Amino acid sequence: MAIKFAKRMDKLKGSEIRELLKLTEKPEVISFAGGLPAPELFPVEEMKKISTLVLEEAGTAALQYSTTEGFQPLREHIADRMNSKNKTNVNKDDILITNGSQQGLDFAGKVFLDEGDVVLCESPSYLGALNAFKAYSPKFIEIPTDKNGMIMEELEKVLATTDRVKMIYVIPDFQNPTGRTWPLERRKKFMEIIEKYEIPVVEDNPYGELRFEGENLPSLKSMDKKGLIIFLGSFSKIFCPGYRIGWTCASHEILQKFIFVKQGADLQASTISQREVSKFMDIYDLDAHVEKLKEVYSRRRDLMLKTMKEELPEGLEYTHPEGGLFTWVELPGDLNSKVIMEDCVKNNVAYVPGGSFFPNGGKENCFRLNYSTATDDQIVEGIKRLGVVLRKHMEV
Ligand code: PMP
């Protein structure tokens with residue numbers, strides 16, 4: 001029997017690196033491939049209390065359907081938090097609660113993209129977003145980046161010469177996969193350009209609050225005079241991902257479309273998850289919790305970078321992230337990180353090969369390392385193992 005699937009399914013394939021990454025699940029492998037927040041930092045005891053409290057106080061309302069836009073007190077907390085952390089001037093009516101910020105990415109694709117439309121993104125960019133957009137059959141144009149993120153002259157060149165650009169996708173703070181952050185000047189220049197061309201922009205910001213050093217920078221949303229920025233936020237990295245609570249903050253016109261799409265997708269985010277996250281923010285100090293995360297993650301980042309300096313061979317480059325969860329390594333010449341990864345797995349260490357972060361392919365001499373979940377001992381031992389493998393390949 002030949003089952004006929006929608007044409008869009010042709011583009012959605014299981015990733016080849018997933019097979020490779022499966023091998024990294026063996027207990028003897030020290031894996032820097034994941035992107036998970038550290039589970040030992042989840043507030044388990046607090047959430048035990050909160051879940052009882054929510055059921056005692058809200059009773060059946062916590063278990064009932066609720067509005068598509070989301071739980072009002074939670075939207076108020078989020079608007080306040082954005083105004084203080086992201087320097088915006090928004091209120092609860094600008095916020096839609098989504099099932100993780102990942103759902104906001106899917107919705108952006110659904111709301112803006114027809115087949116063949118062009119999406120501009122940083123090169124490289126977050127694989128999960130690229131896959132979400134792929135379901136809507138766009139073309140991707142990658143905008144080159146340097147150590148300060150997207151290069152604005154390159155963006156301008158592409159915009160001046162390309163039709164059908166419907167959406168721009170960017171991660172200006174501690175980008176996945178590179179860990180890079182756009183400085184203020186670039187943010188300003190970016191806003192100038194997109195206001196000229198009036199193209200909607202998805203500003204994906206799950207890591208912005210995890211800054212270990214340097215100055216907090218204003219979000220693109222805070223500079224948005226024309227209502228072009230769709231800001232995606234998330235509790236996954238500053239709290240825990242299991243509740244699947246994220247949000248979209250956008251102009252009324254755009255948010256209305258996201259709300260229609262949310263109704264069709266799943267009616268609403270989980271009532272009880274929203275109430276629990278909101279209650280946590282009522283009675284505990286989320287800022288203090290985030291401070292604890294930053295302390296642990298910045299220590300792990302420092303240890304990883306120090307060990308990389310000591311143990312990795314000369315001739316490769318890597319980023320120094322000021323926050324977030326990742327560093328990005330570039331190997332010289334045409335070394336292929338997918339091929340080297342096979343050797344890494346034999347030596348019980350793992351990373352994510354970089355090729356799949358480029359939607360149009362063609363660059364394989366790079367990989368992503370995560371430092372948020374490994375212990376100190378694992379970081380030191382894992383980077384030593386990586387050094388041995390890289391040395392072997394770089395000295396050939
Ligand atoms: N955007 C980026 C850049 C991410 O790295 C992730 C998760 N790794 C997400 C969005 C999705 O996160 P969530 O759905 O848990 O909010």
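This is a predicted model: local features need pLDDT of at least 70, side-chain atom pairs count only at pLDDT 80 or more; totals for chains, interfaces and linings use all residues.
**Exercise 1.** Which residue is joined to Pro124 by a cis peptide bond, and where does Pro124 lie?

Solution. 
- Step 1: The partner is Ser123, and omega of this cis bond is about 5°.
- Step 2: Pro124 belongs to the loop between β3 (118-123) and α5 (127-134).

**Exercise 2.** Describe the residues around the ligand, and identify the element that gives the largest share of the shell.

Solution. 
- Step 1: The ligand is surrounded by 14 residues, of which Gly100, Ser101, Gln102, Ser234 and Ser236 are the closest.
- Step 2: Helix α4 (residues 100-112) contributes three residues, the largest share.
- Step 3: Sorted by class, the shell has nine polar, four nonpolar and one charged residues.

**Exercise 3.** Determine how α4 is oriented relative to α8, and list the residues in contact.

Solution. 
- Step 1: The axes of α4 and helix α8 (residues 252-266) come within 10 Å and cross at roughly 110°.
- Step 2: Angles of 65 to 115 degrees count as roughly perpendicular, so α4 is roughly perpendicular to α8.
- Step 3: From α4, Phe107, Lys110 and Val111 take part; from α8, Lys257, Phe258, Val261 and Lys262.
- Step 4: By class, this contact has four nonpolar, three charged and no polar residues.

**Exercise 4.** What is the handedness of the crossing of α2 and α9, and which residues meet there?

Solution. 
- Step 1: Helix α2 (residues 44-58) packs on helix α9 (residues 271-283) at about 115°, with axes 9 Å apart.
- Step 2: The two helices are therefore roughly perpendicular to each other.
- Step 3: Their crossing is right-handed.
- Step 4: Residues of α2 including Glu46, Met47 and Ile50 meet residues of α9 including Ile272, Arg275 and Phe280.
- Step 5: The contact of α2 with α9 has seven nonpolar, four charged and one polar residues.

**Exercise 5.** Which feature does UniProt place at residues 52-386, and how much of that span is helix or strand?

Solution. 
- Step 1: The unreviewed UniProt entry gives "domain: Aminotransferase class I/classII large".
- Step 2: The span 52-386 is 42% helix and 17% strand, and its end C-alpha atoms lie 46 Å apart.

Terms used. Residues are numbered from 1 along each chain as its sequence is written. A residue is near a molecule or strand if its C-beta atom, placed from the backbone, lies within 6 Å of it. Helices (H or I, at least four residues) and strands (E, at least two) are DSSP runs, numbered from the N terminus. Ala, Val, Leu, Ile, Met, Phe, Trp, Tyr, Cys and Pro count as nonpolar, Asp, Glu, Lys and Arg as charged, and the others, Gly among them, as polar. UniProt positions are given in the numbering used here, feature names are shortened, and annotations may be inferred rather than shown by experiment. Axes are lines fitted to C-alpha atoms, for helices over the stretch in contact, and angles run from 0 to 180 degrees between N-to-C directions. Angles under 35 degrees count as roughly parallel, over 145 as roughly antiparallel, 65 to 115 as roughly perpendicular and the rest as oblique. A crossing is left-handed if the near helix is turned anticlockwise from the far one by less than a right angle, and right-handed if clockwise. Two residues are in contact if their C-beta atoms, placed from the backbone, lie within 7 Å.
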